[in-house]
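Q: I have a structure open and would like to learn how to read its features. Could you walk me through it?

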Amino acid sequence: MGGGGGGGLGGDDHDSADPHRRKKRYHRHTASQIQKLEAIFKDSQHPDEKQRLQLSRELGLAPRQIKFWFQNRRTQMKAQSERADNCALRAENDRIRCENIAIREALKNVICPTCGCPPPVGEDSYFDEQKLRIENAHLKEELDRVSSIATKYIGRPISQLPPVQPIHISSLDLSMASLGGGPSLDLDLLPGCSSTGVPNNNLHFPAISLSDMDKSLMADVAGNAMDEFIRLLQNNEPLWIKSANDGRDGLNLDGYERLFPRANNHSKNPYLRIEASRDSGVVIMNGLTLVDMFMDSNQWVELFPTIVSKSRSLEVLSPGVLGNHSGSLQLMYEELQVLSPLVPTRQFYLLRFCQQIEQGSWAIVNVSYDLPQEISQLSSLQARCHKLPSGCLIQDMPNGYSKITWVEHVEIEDKSPTHGLFRDLIHSGLAFGAERWLTTLQRMCERFACLMVSGNSTRDLGGVIPSPDGKRSMMRLAQRMVNIFCGSINLSNGHQWTTLSGLNEVEVRSSLHRSTDPGQPSGVVLSAAATIWLPVCPQNVFNFFKDERTRPQWDVLFNGNAVQEVAHIANGPHPGNCISVLRALNNSQNNMLILQESCIDSSGSLVVYCPVDLPAINIAMSGEDPSYIPLLPSGFTILPDARHPHPYDRGPSTSSDPHGGGGGGGGSLITVVFQILVSSYPSAKMSPESVATVNNLIGTTVHQIKAALNCPPTTSTTITTTSL
C-alpha cells in the first residue's frame, strides 16, 4: 500500500520461473522514494505512461511497481474518505437521535400559559412523526450504502474500524455527475429511496448463489449479446426497414434470422410474437451521467416511472472500470408496465452489460437470462417474455448533450388474448417499443434541465414560490406524487384487482391495501381504476384534463366551482409539461389546495393530482424537505389507440409540437385512477358503502368526461378495483 511506505512487487521473471521460489517477494520502498511518490501523487493521482517511466528512472523502480503504488495509494485514499464519511454520518445520526429524544421529552412538559392544559395534538405532530419515519429510512439506507462500500474497499465491516478524524478530500475526488463538464446535476430526484414513493425496495428474492461456471456462462452470454447489439446498430437496410405509414424503423425478421441464426427457432409456435423497433434522438444530459443512472437499478426506476414498475440488481458480476462503468455486468430483475390494469406487466431476468466503445461513447445491452425454476419468481400466469439483445448507444456531443440510439427486441408468448382495447397498441410494438423509451428519456432529461435553471421563471405566477430552493422542493414533491401514482396502477405484493359491476355499463376494478410506506397516509387505501376508449385524439383529451378552466366539467369533487392556478413551474419546453398548484374559488375549504403535474410526449400523457393542505404546501414552497408530506394521488393516463384516424375523431391536435400529442389522430385510451383513504385502522375491510361510493365516483366522472367531449354515452369503458 502507498502512503505509509506501501510495498511494491520485488520479484522478477527469473524468480517466477523457479519452482522453489513461486511466492512473490515484497520489499518496502525507502523514505526518499515514498516522499517523491507522495509529492507526485498530490499533483496527479493518475500519472500517464511517460510520467511513470520517468519516475522509474529517477527512483530505480520498475514501471510496474510505480503503477501498483499509485493504484494502492488511490485505493487507500478512497477507503480513508469512506471511513471519514461514515464517522461523520454516525455522529450526525447520534446528534439527530439525541435531539429528537430531547424534543419529545420537552413536548411532554409543555403546557398552555393561558389555561395550564397541554396543547392539543395537531397536524404538526403528525408531520413530525412522518418526518421521523422518513429520516430513519434515509439514515439506515445511507449507513447500509457506506457500509457496503467500506467493506468492498477495506475488506472488513465498518463496525470493526476505529474512529478517525475527518480528513480533507482532494478536489480531484469529484462525483461522476460532474465529470461531463459544466455544473453537476443534482440527482436528489433520483435517490432510489423510500422518499420517492416508488415501491422498488419491496422486492424480496431468495439468496442467489452463483458458481464460477455460472458467472463465466453469464459473461459469455453478455459478450455475445453486446456483439449482436453493435451489429444491429451498425446495419440499416435491409436489416432495418422504414415503415411506409409512420416512418418508424422495423426489423426485417428474415434478414435477422440469416444474420443471427439460432439453434432454437420458435417460428412454428402459434402463440409467439416478435416486437422489434429502433429509434434515435438527442437528450439534454451528458453521456457519463446517463451511464451512471442506467447502471443503478433505483435510478433506472426513477428515470422511467411510467415504464419500469420494478427493478432490482440481484448480483454484480463485474463492477467495471471505476468512473465510467465500462465492463460492468449485472444480473437484474425488471418489470415493465403500460399504465392500465388491463395490461399485465412484463417480467424479465436480465443481464445488463455496459461497454465503452470509444472515448465519449458507451453501449448498454440487456438480454434475458433464464434462472433455475427454484430461484425464478416469474409468474406462470403471465405471458412469457424473452428479451433478445436490446439497449442503447450513448454518444457524447460537444454541447453537453447526448445522442441516443435505442433498440428493443422482444419475444412474447401470449397464452391468453390481449385485451381488445389495447390489442392494436401492444401488437404494433408502440406500448413497449424504442420510441416510448426514448421520448420518456428526453422528457425526463428536460425536467432535470429545468431543475438546474437558477432563479424562478417568469411563469411562476405571482411570485408565490419565493426561491430556487422552493422550486426545487416543489419539483421533488410532484415527482414523488407521479411515482406513487404510477406504482399504484399495476399491483404488487400479492394484491390483485377485483372486478365489480359499475354504472352505465362501466366495469370497475378496485383494490384495498394497507398503506405503510413513508410519505403516504397510514391506513387502508381503496384504489379504483377505469379504462375507456374515446373517439378523440390524445392531444385534445390531454388539453381538456390539464386546463384548469375545464376542470369543473369533470372533477365532481369541485362541485362545479371555478378553479384558479396560483403557482406554475415549467418542466420542459412543451407547455404541457408543468407543475401547478390549484385552488377552488368560492369554496369553504380554503385550506385545501391541489398539487398537479402534467406531462406529455409522443408516446402518451399523464395528468396526476393530489389534495394537499396549505401548511404542507407552504413547507414545500419554503424549500424544506417535502418527503414527509403524505400524498395519495389520483389522475389520468392517456394513450393513443394506435388505430388509423377514427371517423368520429374530433379534429386535429391543437399543438404543432411534433413531440406532443401522444399519437396525433385516432382515438384515445384513458385510464381513470382514484385513490381514497377509507380508514385509518389497518384491519378495515371493503364495505358495501365503499364499493358504492367508488362506483358512483368513477361512473359520474366518466359520464361527465364523455358529455364534455361530446362522445356517445355507450363508448367502451372498463373500470377496475382490488381487494386485500
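A: The chain's secondary structure comes to 15 helices and 22 strands; helices (H or I, at least four residues) and strands (E, at least two) are DSSP runs, numbered from the N terminus. This is a predicted model, in which local features need pLDDT of at least 70 and side-chain atom pairs count only at pLDDT 80 or more, while totals for chains, interfaces and linings use all residues. Residues are numbered from 1 along each chain as its sequence is written, and side-chain values use heavy atoms, with hydrogens and water left out.

Q: How many of the chain's residues, in percent, count as buried?

A: Buried means under 20% relative accessible area, exposed over 50%, and partly exposed in between (1.4 Å probe, protein chains only). Here, 50% of the 724 residues count as buried.

Q: How many aromatic pairs does a search of the whole structure find?

A: Rings of Phe, Tyr and Trp (its six-membered ring) pair if their centres lie within 6.5 Å; planes under 30 degrees apart count as stacked, over 60 as edge-to-face and the rest as tilted. The search finds 19 such pairs. In one of them, the ring centres of tryptophan 69 and phenylalanine 70 are 5.2 Å apart and the planes stand at 80°, so this pair is edge-to-face. Both tryptophan 69 and phenylalanine 70 are buried.

Q: Which parts does the pair of phenylalanine 304 and tryptophan 437 tie together?

A: First the geometry: the ring centres of phenylalanine 304 and tryptophan 437 are 5.0 Å apart with planes at 70°, so they too are edge-to-face. Phenylalanine 304 lies in the loop between α9 (297-303) and β6 (308-318), and tryptophan 437 in helix α11 (residues 434-452), so the pair ties together parts 133 residues apart in sequence.

Q: Where does the charged end of arginine 352 sit?

A: A charge sits over a ring if NZ of Lys or CZ of Arg is within 6 Å of the ring centre and within 35 degrees of the ring normal. The charged end of arginine 352 sits over the ring of tryptophan 300, 4.1 Å from its centre. Likewise, arginine 551 has its charged end over the ring of tyrosine 609, 4.5 Å from the centre.
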